[in-house]
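This briefing goes through selected local features of one protein chain.

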Amino acid sequence: MKSPVRVVITGAAGQICYSLLFRIASGEMLGQDQPVILQLLEITPAMKVLDAVAMELNDCAYPLLHEIITTDDPVVAFKDANVALMVGAKPRGPGMERADLLKDNGQIFSSLGKVINEVADENIRICVVGNPANTNAYILAKNAPKLNQRNITALTRLDHNRAIYQVAEKSGNRIADVTKMTIWGNHSTTQVPDLSHSNIGAEAATSIIDNDWTENDFIPTVAKRGGAVIAARGSSSAASAANGIIDHMHDWVLGTAKGDWVSMAVPSDGSYGVTEGLIFSYPVTCENGDYTIVQGLEISDFIQGKMKESEAELIEERDTCSDLF
Ligand code: NAD
Ligand code: LMR
């Protein structure tokens, strides 16, 4: 039996976590042979609800769930942690943009970054989910200089999955037939869903799908899908976000499928001309617990222009919260 992995989840009494925690405990994220210790962080007023979540987790009798720690103390939550899913943050409501949350949520990632820097494993793998996810990850990284900075990432896998669904639906194919989807940039309405390198079965998606649909339907539908869910549901996506988090961490730790790639927002190393250090979504392959940005893709002027817009938005977000790092 492997030794347990310590997984911290913040915002553990919230909407996303009610779908997320049970799937982690059942082995869907780190594998069916990998025991876990769940280190669940909440703010003090939510501790009663968190206790109820822990009761339900225990009542599932998951063989891989070795221990549950519930706490409102970040030092306890992040102690020796190997994986952190940073969900705890305010969600947006109808009519808001994700960047409108920066003022409230940025502070959370600045203070938790300092704690993680002191008490977590320096190679901790972090996935920031709380919005605006890319810039919150940037704030966290700047407050945690001791950590392996490559391992501070943000979630764009939900956007990636949304894009795959749209292409499968449009082309009348199965989800599994759609490969090599890409989301570039920010998890915001400037994100760039890009099917120009995608395949549908053995064929290039661009040979099956009309460019007019790609530019005028596909890109805005995927980029605005979070807002569409909020408009329909009255609150932001939860189960699909949890699913994206499971996929993100599963593939990072256990590897991407051969011949395919996934989208992750990671610190830019300058690839594709993006400003270094910004947390920018790229196509990546994962192997042996590490990721590699896919290199050498030909980028059209249209996509390049949109990538620049998303990069400019990330720079603007970064510059408006420079007091936090
Ligand atoms: P929610 O309000 O249901 O839950 C958030 C939880 O975080 C609450 O229980 C709250 O008490 C807790 N919390 C607040 N501050 C905290 C802190 N400092 N430490 C620990 N916990 C804290 O919200 P939700 O629906 O679970 O969404 C959480 C976040 O995820 C939001 O910011 C939302 O916009 C974002 N989100 C991101 C994506 C993505 O793809 N990146 C997708 C969906 C939602
Ligand atoms: C999403 O994409 O569903 C989340 O980021 C929630 C939101 O605010 O749209």
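Predicted model: local features only at pLDDT ≥ 70, side-chain atom pairs only at ≥ 80, totals over all residues.

In which loop is Pro 132 found? Pro 132 is found in the loop between β5 (125–128) and α5 (133–142).

**Backbone geometry**

- Most residues other than glycine have a negative phi, and most peptide bonds are trans.
- The peptide bond that leads from Asn 131 to Pro 132 is cis, and its omega is near -5 degrees.
- Asp 80 has a positive phi, near 60 degrees, although the residue is not a glycine. Asp 80 belongs to the loop between α3 (74–78) and β4 (83–86).
- Lys 180 sits in the loop between β7 and β8 (182–184).
- The relative accessible area of Lys 180 is 25%, so this residue is partly exposed.

**Helix pair α1 and α2**

- Two packed helices are described by the angle between their axes and the distance between the axes.
- For helix α1 (residues 15–25) and helix α2 (residues 47–59), the angle is about 35 degrees and the axes are 11 Å apart. The crossing of the two helices is right-handed.
- On the α1 side the contact involves Tyr 18, Leu 21, Phe 22 and Ala 25. On the α2 side it involves Val 53, Glu 56 and Leu 57.
- Sorted by class, the residues of this contact are six nonpolar, no polar and one charged.

**Loop residue Glu 28**

- Glu 28 is placed in the loop between α1 and β2 (36–41).
- Glu 28 is partly exposed, because its relative accessibility is 35%.
- Beyond the neighbours within four places in sequence, Glu 28 is in contact with Arg 23, Ile 246 and His 250.
- The side chains of Glu 28 and Arg 23 make a polar contact at 2.9 Å.
- Glu 28 and Val 294 are 266 residues apart along the chain, and their C-alpha atoms are separated by 26 Å.

**Open sheet β7-β10-β11**

- Strands of a sheet pair through backbone hydrogen bonds, either parallel or antiparallel.
- Three strands form an open sheet in the order β7-β10-β11, and their pairing is antiparallel.
- Two bridges link strand β10 (residues 199–200) to β11 in the antiparallel sense. Opposite Ile 200 stands Glu 203 of β11.

- Strand β13 (residues 279–287) is largely enclosed by the rest of the structure, because seven of its nine residues are buried.
- Six bridges pair strand β12 (residues 262–267) with β13, in the antiparallel sense. Val 266 has Phe 280 in β13 as its bridge partner.
- Strand β14 (residues 290–293) runs antiparallel to β13 and is joined to it by four bridges. Thr 285 has Thr 292 in β14 as its bridge partner.
- The hairpin of β13 and β14 has two residues between the strands, and in this hairpin Asn 288 takes a positive phi near 50 degrees.

Methods: Residues numbered from 1 in each chain as written. Chains lettered and ligands numbered in written order. Heavy atoms only, no water. Pairing = 2+ DSSP bridges. Axes fitted to C-alpha atoms, helices over the stretch in contact; angles between N-to-C directions. Left-handed = near helix turned anticlockwise from the far one by under 90°. Contact = heavy atoms within 4.5 Å. Nonpolar A, V, L, I, M, F, W, Y, C, P; charged D, E, K, R; others polar. Buried < 20%, exposed > 50% of the residue type's maximum accessible area, 1.4 Å probe, protein only. Polar contact = N/O pair within 3.5 Å; in protein donor to acceptor, adjacent residues only side chain to side chain.
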